[in-house]
Amino acid sequence: MQPLIPRRYVLSAVPALGALTWAELISTPQPHLPAAAADVYDAFPSQDPARVREIVGVSHGNLARVGQLVEESPALAKASQDWGFGDWESGLGAAAHMGRRDIAELLIEYGARPSLFSAVMLGHLEVVQAFVDASPGVQRIPGPHGITLLSHARAGGELARPVLAYLESLGDADTGAARESLSDADRDAYLGRYTFGAGEEDWLEVYINDRGNLMIRRGKGSGRGLSYVGDHQFRPAGASAVRIRFAVEGDRATAMTVLDPEVMVAARRVSPSL
């Protein structure tokens, strides 16, 4: 594939091009271009996954960095990250559940699309009421990571109090997915590494993070919290329809199946948690 031509090279060449058309220009070999001109990330022309991940991450609380990123690339204000199993989150979504009005308003200024969740946190009562009137029951839909709509209202502080009162009057805006308790001894049975292929990242690890939460991750990726739903099955954070089912023999799991709702991955346990 012909390497992309940086705009600065095209502009510098214009005086010498004469009557050459753009089609002729891009079909002409460019041996003088530096190697960096062909260094294009794999997802191009989609947004750079690393920058998407960063903008969503820093939108949880780093106003200065958010400002730098959207000034460099305004389209990042609309970017969304799948943290795992379909747990999608935008920068605005992150700011909304963290109660960061300053970050939310900046992202909207740069083109982020307002949502029900951002409207709740920002205290836009009429917008929230219109959403509920138009789609009865919408207040029960969780946001990123399974965070409820009422939690977003609480995060909004004083300016969101009228919205908080309205959602509380509905009675079901803080309904999380059902979960069951699991003792420390019981959850230890699931810890370990489960492999599903021969590649370097073809394994899943179930572990306990420094906050004492049961987590799952692929390779060296970010972890997702696991909620126990019974019968050796778990639900990953922000993906209520996904199930992670373990086969258990005696006091330890020997295999894992990820379903959504069909089987996505079947893996066998190969080692204790590292």
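Me: Quick one to start: which residue in E7 does Tyr-228 stand opposite?
Reply: Tyr-228 stands opposite Phe-234 in E7. Keep in mind that this is a predicted model.

Me: Got it. How many bridges join E6 to E7, and which residues do the strands cover?
Reply: There are 4 bridges between them. E6 spans residues 224–230 and E7 spans residues 233–236, and the two run antiparallel.

Me: And what do the strands around there close into?
Reply: A barrel of 8 strands, in the order E3-E4-E5-E6-E7-E8-E9-E10, with antiparallel pairing. From one strand to the next, the twist averages 35°.

Me: Let's go further along it. How many bridges pair E8 with E9?
Reply: E8 (residues 243–249) and E9 (residues 252–259) pair over 7 bridges, in the antiparallel sense. Glu-249 has Arg-252 in E9 as its bridge partner.

Me: What sits in the turn there, and what is its phi?
Reply: E8 and E9 form a hairpin with 2 residues between them, and Gly-250 in that turn has a positive phi of about 70°.

Me: What about E9 and E10, how many residues are between them?
Reply: That hairpin has 3 residues between its strands. E9 pairs with E10 (residues 263–271) over 5 bridges, again in the antiparallel sense, and Leu-259 has Val-263 in E10 as its bridge partner.

Me: How do H4 and H6 pack, at what angle?
Reply: The angle is about 5°, and their axes are 10 Å apart. Angles under 35 degrees count as roughly parallel, so H4 and H6 are roughly parallel to each other.

Me: Which residues meet there?
Reply: On the H4 side they are Leu-63, Val-66, Gly-67 and Val-70, and these meet Asp-102, Ile-103, Leu-106 and Leu-107 in H6. By type, the residues of that contact divide into 6 nonpolar, 1 polar and 1 charged.

Me: Now H5. Why is it described as largely enclosed by the rest of the structure?
Reply: Because 7 of its 8 residues are buried. The buried residues of H5 are Gly-91, Leu-92, Gly-93, Ala-94, Ala-95, Ala-96 and His-97.

Me: What covers them?
Reply: The cover includes H3, strand E2 (88–90), H6, H7 and helix H9 (149–155).

Me: And what follows H5?
Reply: Gly-99, which has a positive phi near 75°.

Me: Last bit, the overall picture. How many helices and strands are there, and what share of residues is buried?
Reply: The protein has 11 helices and 10 strands. Of its 274 residues, 37% count as buried. As for contacts between residues at least 6 apart in sequence, 50% join residues at least 24 apart.

Conventions. Residues numbered from 1 in each chain as written. Predicted model: local features only at pLDDT ≥ 70, side-chain atom pairs only at ≥ 80, totals over all residues. Heavy atoms only, no water. Pairing = 2+ DSSP bridges. Axes fitted to C-alpha atoms, helices over the stretch in contact; angles between N-to-C directions. Parallel < 35°, antiparallel > 145°, perpendicular 65-115°, else oblique. Contact = heavy atoms within 4.5 Å. Nonpolar A, V, L, I, M, F, W, Y, C, P; charged D, E, K, R; others polar. Buried < 20%, exposed > 50% of the residue type's maximum accessible area, 1.4 Å probe, protein only.
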